[in-house]
Amino acid sequence: MQTFGARLHAAMSRRGQLCVGIDPHPSLLLRWGLSDDVTGLERFSRTCVEALAGQVAVLKPQSAFFERMGPRGIAVLETVIAEARSAGALVLLDVKRGDLGSTMEGYADAYLRGSAALAVDAVTVNPYLGFESLRPMLAAAETNHAGVFVLALTSNPEGAQFQRAAVPGGTVAGAVLAAVRAENAGATPLGSVGAVVGATLSTLDEDVAVNGPLLAPGYGVQGGSAADLRRLFGASYGEVLPATSRGVLQAGPTIAGLRASAARCLDELT
């Protein structure tokens with residue numbers, strides 16, 4: 001099997017630079033005329049997969065909105081992952097896990113082991129217990145040809161308290177990005193360890209070129225435009241994977257509406 005970085009590079013070349021989040025938020029369920037229960041969750045999520053899994057490079061289910069429904073919600077997530085991957089989309093599970101030792105190994109086993117019920121192409125992780133706390137997840141990703149996206153510069157205002165804190169040689173975020181860059185050293189055409197850098201940031205003082213993908217949440221409804229992304233990332237724009245959820249999902253519940261909305265995003269980002 002190809003590495004995740006190689007598969008993502010191929011998918012972005014073929015389908016364009018767009019990641020659509022599957023976020024079954026109660027307000028979106030209501031907008032679609034669905035009930036805020038497992039039935040509504042399943043209808044919403046599987047409609048997203050049917051509409052988009054054959055069109056966009058990456059689908060990104062937000063685990064929290066499935067977890068809130070308990071075991072039946074997790075069962076829906078399992079179905080969504082399997083159907084999306086079967087239709088040709090890469091699946092990035094947004095779980096933002098961050099823990100230590102054997103606990104992190106457990107998370108890695110849950111999401112990255114090939115035979116696991118919730119096995120996906122990549123996950124998001126939180127490095128703020130120290131970058132080396134991610135080692136079990138990074139090792140599992142390498143073994144299973146999967147990917148890991150490390151939070152680096154998030155766009156929420158509170159993030160700067162830690163991410164932009166000064167350390168010798170720069171900032172905490174800069175140190176995280178340097179560690180990601182080291183993980184990807186020598187990888188072609190793209191490393192499998194990505195960084196999360198918000199699309200709505202006003203400036204980037206850190207070097208975000210990591211020889212890996214740059215997941216940029218905040219594109220669309222949250223205020224980040226294609227022009228903003230090109231300005232913010234500059235020469236690294238080709239490695240950027242802009243992420244949106246409501247910007248596409250509010251065009252539902254029709255499949256035609258969802259596909260047209262995603263197509264508009266892809267045209268803007270090209």
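Residues are taken as buried when their relative accessible area is under 20% and as exposed when it is over 50%. By this criterion, in the predicted model, Ala226, Leu229, Leu232 and Phe233 of helix H10 (residues 226-233) are buried. These four residues cover an arc of only 130 degrees around the axis and therefore lie on the same side of H10, whereas Ala227 and Arg231, on the other side of the helix, are exposed. An α-helix has 3.6 residues a turn, so residues three or four places apart point the same way. The cover over the buried residues of H10 includes strands S8 (193-197), S9 (214-217) and S10 (240-244), together with helix H12 (255-269). Glycine 234, with a positive phi near 55 degrees, follows H10.

Helix H3 (residues 38-52) packs against helix H5 (residues 71-86) at an angle of about 10 degrees, the axes being 10 Å apart, so that H3 is roughly parallel to H5. Val38, Leu41, Glu42, Ser45, Arg46 and Val49 are the contributions of H3 to this contact, and those of H5 include Arg72, Gly73, Val76 and Thr79. By class, the residues of the contact comprise six nonpolar, three polar and four charged.

Two aromatic pairs are found in a search of the whole structure. The ring centres of phenylalanine 4 and phenylalanine 149 are 6.0 Å apart and the planes stand at 85 degrees, so this pair is edge-to-face; it links helix H1 (residues 4-15) to strand S5 (residues 147-153), the two residues being 145 residues apart. Both phenylalanine 4 and phenylalanine 149 are buried. Tryptophan 32 and phenylalanine 44 form a tilted pair, at 4.2 Å centre to centre and with 40 degrees between the planes, and both tryptophan 32 and phenylalanine 44 are buried.

Definitions and conventions
Residues are numbered from 1 along each chain as its sequence is written. This is a predicted model: local features need pLDDT of at least 70, side-chain atom pairs count only at pLDDT 80 or more; totals for chains, interfaces and linings use all residues. Side-chain values use heavy atoms; hydrogens and water are left out. Axes are lines fitted to C-alpha atoms, for helices over the stretch in contact, and angles run from 0 to 180 degrees between N-to-C directions. Angles under 35 degrees count as roughly parallel, over 145 as roughly antiparallel, 65 to 115 as roughly perpendicular and the rest as oblique. Contact means heavy atoms within 4.5 Å. Ala, Val, Leu, Ile, Met, Phe, Trp, Tyr, Cys and Pro count as nonpolar, Asp, Glu, Lys and Arg as charged, and the others, Gly among them, as polar. Buried means under 20% relative accessible area, exposed over 50%, partly exposed in between (1.4 Å probe, protein chains only). The arc is that of the directions from the helix axis to the C-beta atoms. Rings of Phe, Tyr and Trp (its six-membered ring) pair if their centres lie within 6.5 Å; planes under 30 degrees apart count as stacked, over 60 as edge-to-face and the rest as tilted.
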